[in-house]
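Me: I would like to learn how to read the features of a model like this one, going from helix packing to the backbone. Could we work through the structure together, once it is in view?

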Amino acid sequence: MAKTVDQYFDDLRETRVWRSIFRSGSGSSTLHRSLAIQQNVFLHLFSTKVRTRMLSFSATWYLGTLTLGTFLILVATGIPLMLYYHPSVPQAYADTKDLQFVVSSGIFLRNLHRWSAHAMVFLVFAHMFKVFYRGAYRPPREFNWVIGIVLLLITLLLSYTGYLLPWDQLAYWAITVGSNIASAVPFMGSKIHFLLLGGNAVNANALLRFYVLHCMILPLTAIFFVAIHFWRIRKDGGLYSHSSEPATRRTESAAKEVR
Amino acid sequence: MKGKLKAFWSLLFGDSVRAFGVVSLVFLASLAIAPSKNYFSEWRHYQRGYLKMVRNRADAVTLQRHFQGGIQQIWLPEIGVVDRCESCHVGLKESSLANVSLQPYRNHPVIPHKLGEFGCTICHRGQGAATTVSEAHNSTLAWEQPVLPAKYVESSCGTCHRGPVPGTPRLNEGRRLLASYGCVNCHTIKLADGATMKPTDNPPSLSHIADKTSREWIYAWLKDPQAYATTATMPNFKLSDDDARDISAFLMANSTPISGDTLAISAKPSSDPTAGASLYGESFCASCHAVQNAAGNVVGGDVGPELTRVGSKVKPEWLQAWLRNPRIYNDGTPMPHYRFNDGQIATLSGFLLAKTDSDLLANVHLDPSTPQQVAHGKRLVSDYGCASCHEIAGIKKPDNFAPELSRIGSKPITQILFLAGMPHTLPDYIAGKIKQPRAFTTGLKMPQFTLTQTQIDDITTALLSLNDRANSLPPSMTVAAPSESNYQPAGQAGKLIHDMACMTCHRINGHGGDMAPDLSWEGSSVQRQWLTAFLKNPNTLRPALIRRMPKFNLTDSEVNQLSDYILAVYQSPTVDRDSMPLSGYPAGQVELGKQLFYGKYSCQACHIVDSNTDKGYIGPTLTQVGSRLTAAWIFQWLKDPQALRAGTIEPNRAMSDEDARAITAFLMSQKGGKQQEAAKK
């Protein structure tokens with residue numbers, strides 16, 4: 001009798017190499033399944049168990065996952081873009097033109113990066129609205145809501161810093177306006193303005209500063225907070241579901257008793 | 001139908017494995033769009049087309065060997081050029097493609113620069129980095145500079161070449177027009193070398209205008225300057241009748257008399273037209289002044305004003321005083337002081353006053369002006385910036401009356417308000433603005449100039465050369481304009497030179513006109529005897545020229561003064577006039593020189609030595625050259641003419657010293673005496 005695909009996988013999971021990498025081993029017992037999640041550095045952030053109903057589209061509209069997806073696309077396209085881009089005044093604009101005109105599929109990379117960035121900002125907001133109107137920010141998830149706010153700010157800053165990098169008129173004036181808004185902060189506005197731009201006007205220093213922020217500091221910070229965000233979902237009892245709330249349960253059981 | 005659709009849906013997305021597979025396939029297909037778009041690019045299409053085109057040509061093998069596939073670029077980092085035009089314009093450097101008219105395969109016309117030297121966009125504009133047709137040629141949201149229309153391409157020569165270049169007639173003329181139409185009186189134009197463009201239109205002062213002309217003429221002139229003189233550079237301000245009336249009232253009221261600038265002469269203006277015409281001709285008035293002939297053609301020079309209707313303009317007593325000595329009315333006029341006697345003044349003024357046009361002032365009837373009109377006129381004169389060009393007593397010349405044009409060639413499209421239906425490009429805007437300045441919005445002050453379409457294109461070309469690149473080029477890439485000094489000769493002779501306005505026509509030490517020879521080194525080149533005779537009675541040296549120096553009726557002492565000054569001061573540092581004798585050359589050397597003159601160097605092609613046999617008329621006649629020029633000058637001239645007069649068409653024949661010395665000996669033997677006597681007989 002021929003082996004099924006599942007059996008091949010089971011055999012693979014029993015090999016020494018596999019066992020050295022994934023320590024949980026084969027088997028579909030509850031323990032094995034939970035170990036498979038817990039003992040993996042990436043997966044241990046997630047709950048070992050999820051209600052099937054919470055995997056349906058209507059429960060979350062997949063907004064958080066889609067946001068993560070756009071973030072991954074941005075990282076994946078951003079790294080090749082960095083190969084073609086010099087954050088210097090004479091080169092920056094010419095490099096974006098080269099991406100458009102001579103780099104193989106460069107315009108595809110750039111557009112994918114750009115549209116994903118727009119989509120990510122949209123999805124982050126949609127995610128927050130969904131969380132807010134579902135009431136999922138309430139205890140014990142209030143800390144994760146705060147982490148979400150931080151992630152929103154990081155997303156917006158990523159979007160803002162990336163805007164300057166093409167070094168065209170749109171970029172230049174957008175950052176000029178944006179940094180002038182920062183200088184409206186009482187008492188320390190001009191200091192913030194100076195710190196943001198590395199000078200008093202949008203110039204080479206600002207470009208370099210925004211590049212480092214956009215490609216290094218902000219993405220790493222984002223990854224850090226995303227990790228905490230996911231980990232907290234597990235610690236806070238999995239994805240929020242209305243029916244799992246104690247108050248709902250009480251009402252439901254009360255209704256049953258009445259009947 | 002509905003059932004079919006349902007079956008199709010379940011075929012594709014029936015279970016999760018199918019759905020995953022189908023979605024993956026769709027995703028993969030959409031990912032393949034990017035590389036395929038990359039592959040089917042325009043430049044590949046054109047390169048394939050090029051290879052197809054050259055395949056059937058006789059020179060196919062050569063062309064195919066020269067062909068290089070892939071994106072081609074000219075990269076000049078020091079001037080910021082990345083031009084990929086040759087990716088599609090494959091045959092630019094192939095001179096054998098001269099018969100191909102199909103773009104993008106035409107070859108480039110021959111230019112003085114190598115094609116790779118500056119790239120393409122330096123001259124043609126457009127987006128050099130682009131590799132698609134529309135992005136490279138047109139203006140897009142992210143690129144404002146479209147390809148420059150071919151008729152304006154000379155403007156790009158002007159970004160590096162700050163002075164006139166022989167190959168750019170359009171640019172040279174445009175620059176000349178900017179100065180000579182007085183554009184730069186109102187619009188400041190700072191050139192890239194730091195200088196400011198200077199006007200050359202020499203607009204007259206209006207502070208004493210009542211001495212010169214009537215209020216009616218001013219009114220008619222203000223209403224339509226070209227009705228008085230078709231060549232007038234004064235623009236039409238489109239004034240209403242009332243405004244013209246009030247400005248004329250103000251100018252008359254504001255005018256102060258100058259003692260001596262009107263003259264009740266004893267001799268009445270003569271009405272003898274033949275005597276007047278011949279004096280007008282002998283005095284070479286037409287070298288500077290034009291007159292419209294019966295056929296409507298304007299004939300004559302453009303240094304002074306057109307005289308077609310001068311009798312309708314000037315007052316007779318002013319004209320006579322002006323002919324006697326123009327410096328009393330206007331010390332800085334380019335008009336020479338001719339030293340005419342009373343009879344000549346009567347003849348000439350009679351001749352000029354007869355040049356009238358009865359239609360010009362026929363319908364002008366002005367009541368005496370009121371103080372309100374004068375005050376209103378003064379305000380209008382300030383509003384329209386009349387004092388930007390004309391000196392007007394009591395009104396200060398306004399600074400920066402009109403927008404500065406120093407970088408107009410790089411004006412961002414986004415800052416421009418276009419007329420409806422006008423193509424949104426900078427050249428179209430500039431040309432449109434020159435053509436109909438007032439059309440753009442209401443309340444604009446710029447007047448209407450009378451220019452032909454060619455002149456408008458010339459000026460547009462010159463303005464387009466005033467761009468950011470011109471101001472940011474490394475100095476090593478620029479070619480400076482010949483510098484114009486403000487040299488003025490000193491002393492008594494200097495006064496004479498000023499009085500006769502010699503420098504209206506002659507250039508001395510980098511200052512002056514270009515109608516007559518440069519005199520900076522005249523003292524090294526001519527003999528005193530000839531110079532004094534010439535100053536007393538100028539004759540023509542060049543048979544091909546109609547113009548010659550007019551006779552100024554100088555006294556002997558004035559002639560001596562001028563000759564002394566010229567011989568002592570205007571010396572070349574490289575020619576010692578006394579280093580070679582004026583005569584006494586051995587007969588053998590003279591004979592050798594003659595053979596060289598007629599044989600080896602064939603000078604008679606352009607010059608005449610023996611008026612019976614020689615036919616050359618391009619260069620000056622040399623029959624009397626031995627009594628005109630110094631031997632040292634002739635010798636140096638033969639050795640290297642361009643060193644003594646830059647730009648002269650006399651070729652440098654790289655003569656040996658012996659040859660040059662022999663020809664000098666031959667030419668110095670041409671004293672002119674014999675021929676003159678022969679001519680008399």
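Me: In which crossing does H30(B) pass H32(B), right-handed or left-handed?

Reply: A crossing is called left-handed if the near helix is turned anticlockwise from the far one by less than a right angle, and right-handed if clockwise; here H30(B) passes H32(B) in a right-handed crossing. The names come from DSSP runs numbered from the N terminus, with helices being H or I of at least four residues and strands being E of at least two. Before going further, note that this is a predicted model, in which local features need pLDDT of at least 70 and side-chain atom pairs count only at pLDDT 80 or more, while totals for chains, interfaces and linings use all residues. Residues are numbered from 1 along each chain as its sequence is written, and chains are lettered from A and ligands numbered from 1 in the order in which they are written.

Me: At what angle do H30(B) and H32(B) pack, and how far apart are their axes?

Reply: Axes are lines fitted to C-alpha atoms, for helices over the stretch in contact, and angles run from 0 to 180 degrees between N-to-C directions. For H30(B) and H32(B) the angle is about 135°, with the axes 9 Å apart. That makes H30(B) oblique to H32(B), since angles under 35 degrees count as roughly parallel, over 145 as roughly antiparallel, 65 to 115 as roughly perpendicular and the rest as oblique.

Me: Which residues of H30(B) and H32(B) meet?

Reply: Two residues are in contact if their C-beta atoms, placed from the backbone, lie within 7 Å. On the H30(B) side there are B:Ala631, B:Ile634, B:Phe635, B:Leu638 and B:Lys639, and they meet B:Ala660, B:Arg661, B:Ile663, B:Thr664, B:Leu667 and B:Met668 of H32(B). This contact divides into eight nonpolar, one polar and two charged residues, where Ala, Val, Leu, Ile, Met, Phe, Trp, Tyr, Cys and Pro count as nonpolar, Asp, Glu, Lys and Arg as charged, and the others, Gly among them, as polar.

Me: How many of the twelve residues of H32(B) are buried, and what covers them?

Reply: A residue is buried if 20 or more other C-beta atoms lie within 10 Å of its own, exposed if 12 or fewer, and partly exposed in between, with C-beta atoms placed from the backbone. H32(B) is mostly covered, with nine of its twelve residues buried, and the cover includes helices H28 (587-598), H29 (625-628) and H30 (631-639) of chain B. Helix H32 itself, residues 657-668 of chain B, reaches 16 Å from its first C-alpha to its last, close to the 16 Å expected at 1.5 Å a residue; the expected span is 1.5 Å times one less than the number of residues.

Me: How do the axes of H5 and H7 of chain A cross?

Reply: The axes of helix H5 (residues 63-84) and helix H7 (residues 106-134) of chain A come within 8 Å and cross at roughly 155°. That makes H5(A) roughly antiparallel to H7(A), and their crossing is left-handed. The residues of this contact divide into 16 nonpolar, nine polar and two charged.

Me: How many residues of chain A are in contact with chain B?

Reply: The size of an interface is often given as the accessible area lost when the parts come together. Here the description is by residue contacts: nine residues of chain A are in contact with ten residues of chain B. Helix H6 (residues 89-101) of chain A gives the most to its side, with four residues, and that side divides into four nonpolar, two polar and three charged residues.

Me: What should I look for in the backbone, and where is a peptide bond cis?

Reply: Most residues other than glycine have a negative phi, and most peptide bonds are trans. A cis peptide bond joins A:Pro139 and A:Pro140, with omega about 10°, and A:Pro140 is found in the loop between H7 and helix H8 (142-164) of chain A. The bond from B:Gln103 to B:Pro104 is also cis, with omega near 5°.

Me: Is B:Ala654, with its positive phi, buried or exposed?

Reply: B:Ala654 has a positive phi of about 50° although it is not a glycine, and it lies in the loop between helix H31 (641-644) and H32 of chain B. B:Ala654 is exposed because 8 other C-beta atoms lie within 10 Å. B:Phe284 likewise has a positive phi, of about 55°, without being a glycine, but B:Phe284 counts as partly exposed, with 19 C-beta neighbours inside 10 Å.
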